[in-house]
Amino acid sequence: MDVSPQDEARPPALVKRFWRGDWLIWLALLVTVAGPFLLATRDAGAPGHHDRRLVILTPHHERIRQEIGNAFVADWRARTGETVYLDWRTPGGSSEIALFLKSEFAGAFEYDWTTRLQRDWSQPLAHAFADPRTTDRSSPREWAARQAFLASNVGVGVDLLFGGGSYDFQQQAEAGYLVAGGAGIGLLALRDRHPDWFTPEVYPEAVSGEPFRDRDYRWMGVELATFGIVYNRDVLRRLGIAREPEQWVDLTDPRLAGRIAMSDPTKSGSVAKAFELIIQQQMQQAVANRLAAGEQAGAAEAGGIREGWREGLKLIQRMSANARYFTDSAAKIPLEVSRADAAAGMAIESYGKATEEFVRRPDGSSRVGFVAPLGGTSLSVDPIALLRGAPEPRLATEFMEFVLSPRGQKLWALRPGVPEGPVSTALRRLPVRRDFYTDANRLYMTEPDARPYAQAGHFVYHPDWTAPLYGAIRFLIRVMCVETHPEQREAWRALIDQGLPGAALAAFQDLSGFDYDEVQRRIVPILRGKDKLVEVRLARELSAVFRERYERARRLARDGRNRP
Amino acid sequence: MSTLASRGLFLTVTVFFLLFFVLPIWGALRGAFLDAQGGFTFEYLLEVFRNPIYREGLFNSFLIAVLTTLGCVLLAVPLAFGYVRYEFPGRGLCNGLLLTPLILPPFVGALGIQAILGQAGALNSLLTLLGIVAPGRPVDWLGEGRMAGVVLMNVLHLYPIAYLNVSAALANLDPALEEAAANLGAPPRRRLWRITLPLIVPGLFAGASIAFIWAFTELGVPLIFDYDRVTSVQIFAAIKDLSNNPFPYALVVVLLFLSTTFYALSRQFLAGDIAGGGGRATMARVMIPLTGFRGLLCAGGFALVIALALLPHAGVVLLALAEDWYATLLPSRLTLAHFAGALSHGLTLSAIANSLKYASLATLLDLLLGIGVAWIVVRGQQRGRGLLDAMSMLPLAVPGIVMAFGYLALSREGQMLHGLMLGEDPVLLLVVAYAMRRLPYVVRSAAAGLQQVSPALEEAARNLGAPPARALWRITLPLITPNLVAGALLAFSFAMLEVSDSMILAQQAQYFPITKAIYTLASVLGEGPALAAALGVWSMVFLTLTLLAAGNLLGKKLGALFRA
């Protein structure tokens, strides 16, 4: 772009060349714009004509949406002749979806409350109507709002929520965003149509402590989800670590300092779950050890829980000290590991396995590996649910039925191209339906030897041990690790340089004041409370506490160096 | 301009601001001042300052902004001088290529930089090849020294803004003034310091103020580096935290307040007394030809800056062409499959059309509004114009995500902006949102132009009988065309590559702009980054051609203006 006024002072001979160049640019522009137009495939955007539309909110990635979606559309057209357009809404991961639902429902209910019910809106109502802790003991206005919401058909223009963690689905269900249905709609209708599905042989209610479907029929697991460690073999070799990681504790190896990819649990639902599993594993081991040592069952459990809580937090602290930094999304972790910017990180099995597959060399080896720690991870599910106020509840129910049917479940695990399998991509997930795991199906699976239900026995999830503290775990990790990460890392480096001297290490891992009981007494009520200012102050105080401890540890390590 | 007309303009512009800027962020920011009972409180704001982590964040943001602005100015001023004053080989090409940072799409830019700076990236591979770095001990550029990385990327990204504004200002400078000074015996350095620099201060201020505010509030670049001790990332983190906490809005209020204050202060000191320019060139500028070694040196300087600025682009291009780019300087195997995949994808065609639509309409709206605001601020007599000036810069300072959520909330049923949603088509909402956020570029450029053009010319036209509107259209606007073009180019490019509003306001796939399509492609497992990079390359090619075509169009027009 010329801004100089000299442009006109050109000899005529150059004008011709100027023109030709000009023409070339316009031609190039035309070709560039025409490219996508010529290459565009037929299934773009909304089909030119569709009879019905289904709006689905999902964190699932493109390939899953394509395979499952196309299969349903084809099946529906074959059965009814109608063309359905699947309007996928993808605001991002489970955190973004939770945020979306919260703000959309708040807006929709406010409109309903003020226009249809003609009542006044206020800030406390905005929090109370979707809060499961609002009861008849709360203020009458808030209770009235809560009841009105639960009785209403307020919707956000979305039919289904498909994919995410079972913890998130439980939260949404308790808020009231998800509905069980009834009278031909929702999971209740599916129960009437297929009572045999809702049995332990097909769709168990829980496995090893993890809920696989909602007791009140508001959500149901579709495919299995496990957590594990994704790692880069080249980086491990480079760091001189011969053994590939097998357990969470392997990520605390001092040689991995600054090489672990981690994500902030307050921003990622899946990472928060992984942290909870780490703590649960420690609790289980502690309880098992105490029982083996001859303690009584009740005392062993009570003591083991508290010991495991402490050990779990310490383990997380050391992992965090090894982290490069905290990313804001769990999906970045396998990418960082694959790029060799990190040696290892936590990941959902499907992400880890897919990354491993993507970089597999022709000789079969892969620089990326994935392992689900034995006894360190639970078998969990990725559910589906009907949203309150769905525009097309019957069609949504049909979609749920398809996804939960034997036909729909096969799409997750079969090889592409086989009968009733996906069309082009292997999805590499495992279905929840227990009756899927037959020899006949194994012939066509991408992983014929997968036996998820057998492996589940190694880890039993005890919801009552950590569920009340789930929010507190996120909060603690935030103040203990994420916000104080620079100080934590420096202290850890100083400790490593000095060979982890005892006094300094103890100062680093000082968790006094953050026992299992004290956290429930001091922190949980504030997190549950309505006054966010108090919460902000608490975060500040607690970060200061940990910063001080890390500083002390660093000083002790440094002084230790000066002593002979 | 008649008082009625100018008052009407003032009113229109103010109403536009109130509706589309103040209102969306008011709802969100209001929460920062409400305590649990709904009463007014400053406590959240005070908490920001009490917490050393947030204080450090503010300080770091300020430091980054200062360093970035310095870097941009130091880079842009010599380059602008070089371009406008000297004739050297490849001058025209250099000018075009200097603007390349404008066309780097978000997300993929990050992927490109990671591919280059990562531990298995191109730079480390190069250093290993050259023997500077031991194989197996790559430098972790992205992990260490993150503030330096952020400043560097900011400077490389933002210097075109300063460059465009300064070169437009230099082009507007009347060479007669410098010649007069030379005739009176002033040596070149003195001429530069006493005549030239003061006269281009408006352009300098335009560029520097935008760069400063942008760097102060920028989210994307620190996020790439996962550098979380800056205020913008802290806000982003706190918003994504789901505990209903209004604290991030307190951070936004502080950020906004500080940005406004800095801007107001700098305006007071830098742009307060502007010597009225002599208007357009009364004589043609004589370009000084640089031949031989000096010409090559000059071109070499330009080439170096361009090479650095093009690094992320190079990364994106290679990423799009590579089968798997890992631990090598250049990808070992190339493929066009990613381009085929990305360009034939169902989303792509509509995304391109959508982006073109939104960006063009937004730029048009910006030109109308921007000229109006600039007129009022520079030539008007109304009392509120200083405030209007500051407000017109604020859209840069508000985190995109806050404004986007604000628009989302206001466009719901029953809310004030619901009329903008044409059924489910968010085109008007997106155009307004884009326009609001790009307005500062056009306002600053137009204001700089108006400040350089003497009102005497317009008065002369009016004395000769032209009505005010005609004088504006035939005299003033043509004179400030370079500035308008600069502003409009910036607005259009940034609107095409816009992130926050696109991510949040475009919810249905058929309305996705390009950035959301890129983001969707990036999350395809395995191949995602490469597909996203391919679409990113397409965007870059398209924008480059657009810039060239626009420049050519304007080059001719500019030339026509100065026909003898």
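**Notes on the model**

1. B:Leu543 is buried, at 1% relative accessible area (buried is under 20%, exposed over 50%, partly exposed in between, with a 1.4 Å probe and protein chains only). B:Leu543 sits in helix H24 (residues 528-561) of chain B; helices are DSSP runs of H or I with at least four residues, numbered from the N terminus. Leaving aside residues up to four places away in sequence, B:Leu543 touches B:Ile103, B:Phe492, B:Ser493, B:Met496 and B:Leu497, contact being heavy atoms within 4.5 Å.

2. A word on the basis: this is a predicted model, where local features need pLDDT of at least 70, side-chain atom pairs count only at pLDDT 80 or more, and totals for chains, interfaces and linings use all residues. Residues are numbered from 1 along each chain as written, chains are lettered from A and ligands numbered from 1 in written order, and side-chain values use heavy atoms, without hydrogens and water.

3. Chain A is divided into domain 1 (52-90 + 157-223 + 380-450) and domain 2 (227-377 + 460-558), with bounds from an automatic or database domain assignment. Their C-alpha centres lie 32 Å apart. Eight residues of domain 1 and 11 residues of domain 2 make the contact.

4. Do look at the salt bridges (a side-chain nitrogen of Lys or Arg within 4 Å of a carboxyl oxygen of Asp or Glu). The rule finds three across the interface of domain 1 and domain 2 of chain A. A:Glu357 also forms a salt bridge with A:Arg428, with the closest N and O atoms 3.7 Å apart.

Methods
Helices (H or I, at least four residues) and strands (E, at least two) are DSSP runs, numbered from the N terminus.
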